[in-house]
Structures are given as structure tokens and as C-alpha cells.
Amino acid sequence: MFLLLLHYDDGVLDELDALIPEHYAYVDRHMRAGTFLLTARRDPRVGGVILAAGTDRARIEEITAEDPFLRTGRVHYEVIAIEPTRSALAGITV
């Protein structure tokens, strides 16, 4: 399982807002596939968070590279491998 942290550069929100429909289509595609389990905006809006299923880091990195937000060149992903030990969320096996 992976925690994906999106980091936005300062002043990029207007560019990202224009890409939201494409970004949501990207997110929805991976939600339907079962790869993305939870997505969230960070507060304050300096990035996002995605909880992703999968054990193959290379595949997760391929998926993150598809995000339309990356076209701005002002957003990057931090990919953190995690091993859940407890969960109150349905579908999260520990």
C-alpha cells in the first residue's frame, strides 16, 4: 500500500484549477480500478493525498506520472510505501 503526497509549488493553483476536470477523470479511473482507495485535498491547499493499493512501487510511479497536474511542471508526488497494522476502513486488510 502507498501514501501518495502531492506537493504544489506556490502560485500554481490557477493552473491546476484549469486542469481539475482532467485530474478528476484520472482519479476516478484509478478509483474504479481499485488502485486509489481515498483521495483528499490538503488543508491548507498546498497539495493532495491519495491512499493507493498495490505492492509494486514501479506501477504506482507509472500511475502517478499520468496525472494531468504534472504537465504544469510545478507539482510533484512523494510516494511512501506503508504497511497498515490496524484499520477501521472497510477493504483495508492488515
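Helices (H or I, at least four residues) and strands (E, at least two) are DSSP runs, numbered here from the N terminus. With that in hand, here is a short tour of the model above. It is a predicted model, in which local features need pLDDT of at least 70 and side-chain atom pairs count only at pLDDT 80 or more, while totals for chains, interfaces and linings use all residues. Residues are numbered from 1 along each chain as its sequence is written, and side-chain values use heavy atoms, with hydrogens and water left out.

**The sheet**

- Four strands form an open sheet in the order β2-β3-β1-β4, with antiparallel pairing; two strands count as paired if DSSP finds at least two bridges between them.
- At the edges sit β2 (36-41) and β4 (75-81), each pairing on one side only.
- From one strand to the next, the twist averages 15 degrees.
- Seven antiparallel bridges join β1 (residues 2-8) to β4, and Tyr-8 has Val-75 as its bridge partner in β4.

**The helices on the sheet**

- Helix α1 (residues 13-32) packs on the sheet and touches β1, β2 and β4; contact here means heavy atoms within 4.5 Å.
- The direction of α1 makes about 160 degrees with that of β2, where axes are lines fitted to C-alpha atoms (for helices over the stretch in contact) and angles run from 0 to 180 degrees between N-to-C directions.
- Helix α2 (residues 57-65) lies across β1, β2, β3 (47-52) and β4, and runs at about 160 degrees to β4.

**A cis peptide bond**

- Most peptide bonds are trans.
- Asp-43 and Pro-44, however, are joined by a cis peptide bond with omega of about 10 degrees.
- Pro-44 belongs to the loop between β2 and β3.

**Salt bridges**

- Side chains of opposite charge can pair when their charged atoms come close.
- Counting a salt bridge as a side-chain nitrogen of Lys or Arg within 4 Å of a carboxyl oxygen of Asp or Glu, the model has six.
- One of them pairs Asp-17 with Arg-45, with the closest N and O atoms 2.7 Å apart.
- That pair links distant parts of the chain, 28 residues apart: Asp-17 is in helix α1, and Arg-45 is in the loop between β2 and β3.
- Asp-17 is partly exposed at 36% relative accessibility, and Arg-45 is partly exposed at 26%; the cut-offs are under 20% relative accessible area for buried, over 50% for exposed and partly exposed in between (1.4 Å probe, protein chains only).
- Within helix α2, Glu-61 and Arg-57 are four residues apart, about one turn of the helix, and their side chains meet in a salt bridge at 3.0 Å, N to O.
- Glu-61 is partly exposed at 38% relative accessibility, as is Arg-57 at 36%.
- Glu-62 and Arg-59 also form a salt bridge (3.1 Å, N to O); because they are three residues apart in helix α2, about one helical turn separates them.
- Glu-62 has a relative accessible area of 45%, so it counts as partly exposed.

**The nonpolar core**

- A nonpolar core is a set of buried Ala, Val, Leu, Ile, Met, Phe, Trp, Tyr and Cys residues joined through side-chain atoms within 4.5 Å.
- The largest one has 19 residues, of which Leu-4, Tyr-8, Phe-36 and Phe-69 touch the most other members.
- Two or more residues come from each of β1, α1, β3, α2 and β4, and α1 gives the largest share, five residues.
- Leaving aside residues up to four places away in sequence, Phe-36 touches Leu-4, Tyr-26, Val-27, His-30, Met-31, Ile-50, Leu-51, Ala-52 and Ile-63.
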